[in-house]
Amino acid sequence: GRSYCVRTQRMLNQCLESLVQKVQSGVVINFEKSGPDPAPIGEDGLVDSSRPINSFASQPWHSCHKLIYVRPNPKTGVPVGHWPIPESFWPDQNSPTLPPRTAHPVVRFSCVDCEPMVIDKLPFDKYELEPSPLTQYILERKSPHTCWQVFVCSSGKYSELGHPFGYLKASTTLTCVNLFVMPYNYPVLLPLL
């Protein structure tokens with residue numbers, strides 16, 4: 001954080017200008033690992049089975065409280081999104097109120113390598129993750145053609161973890177990690193479409 005001691009109108013203008021430059025357009029999300037760690041990858045980019053997997057030791061990338069950049073449309077200046085991040089409850093018509101929720105969604109990611117899925121004419125949302133231990137770990141794996149699915153706990157009716165609503169994927173140039181937000185349970189929906 002930063003504090004400003006404003007004594008004059010001129011200082012106020014300078015402080016506001018400084019703050020405006022630091023503001024990023026985005027949403028804060030709690031990313032948390034679900035399930036075991038992925039198999040280690042060797043220097044050649046292939047799975048290295050000789051290195052042990054230590055799934056029980058907590059690593060900095062297991063839990064990150066970070067921003068996803070929500071870029072505005074260059075023509076309108078308004079951010080455009082097609083799909084929401086799911087709620088952490090299944091709607092109940094008999095409930096008079098919605099259950100309380102955290103200000104920042106808790107998104108769980110599974111470290112099982114999956115194929116990224118997109119189909120023509122079905123929109124998806126793509127958000128860049130703020131650099132963090134998680135993005136660094138994903139980029140170090142040098143696997144731009146695989147992804148890790150993301151979930152919101154209790155978003156499904158019959159499943160604790162719920163169904164995937166998107167995935168984390170390194171960019172093909174390995175410069176950043178993106179969160180792709182798709183329709184809920186997209187691995188079932190996309191083949192049907």
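1. Arg 101 is exposed, with a relative accessibility of 59%; exposed means over 50% relative accessible area, buried under 20% and partly exposed in between (1.4 Å probe, protein chains only). Its salt-bridge partner is Glu 87, and their closest N and O atoms are 2.5 Å apart. A salt bridge here is a side-chain nitrogen of Lys or Arg within 4 Å of a carboxyl oxygen of Asp or Glu. Glu 87 counts as partly exposed, at 32%.

2. The model is predicted: local features need pLDDT of at least 70, side-chain atom pairs count only at pLDDT 80 or more, and totals for chains, interfaces and linings use all residues. Residues are numbered from 1 along each chain as its sequence is written, and side-chain values use heavy atoms, leaving out hydrogens and water.

3. Over the whole structure, four salt bridges are found. One of them joins the side chains of Glu 32 and Arg 108 at 3.3 Å, N to O. Glu 32 is in strand S1 (residues 26-34) and Arg 108 in strand S3 (residues 106-110), so this pair ties together parts 76 residues apart in sequence. Strands (E, at least two residues) and helices (H or I, at least four) are DSSP runs, numbered from the N terminus.

4. Arg 71 and Glu 128 also form a salt bridge, with 3.1 Å between the closest N and O atoms. Arg 71 lies in the loop between strand S2 (63-69) and S3, and Glu 128 in strand S4 (residues 125-129), so the pair ties together parts that are 57 residues apart in sequence. Glu 128 is partly exposed, at 27% relative accessibility.
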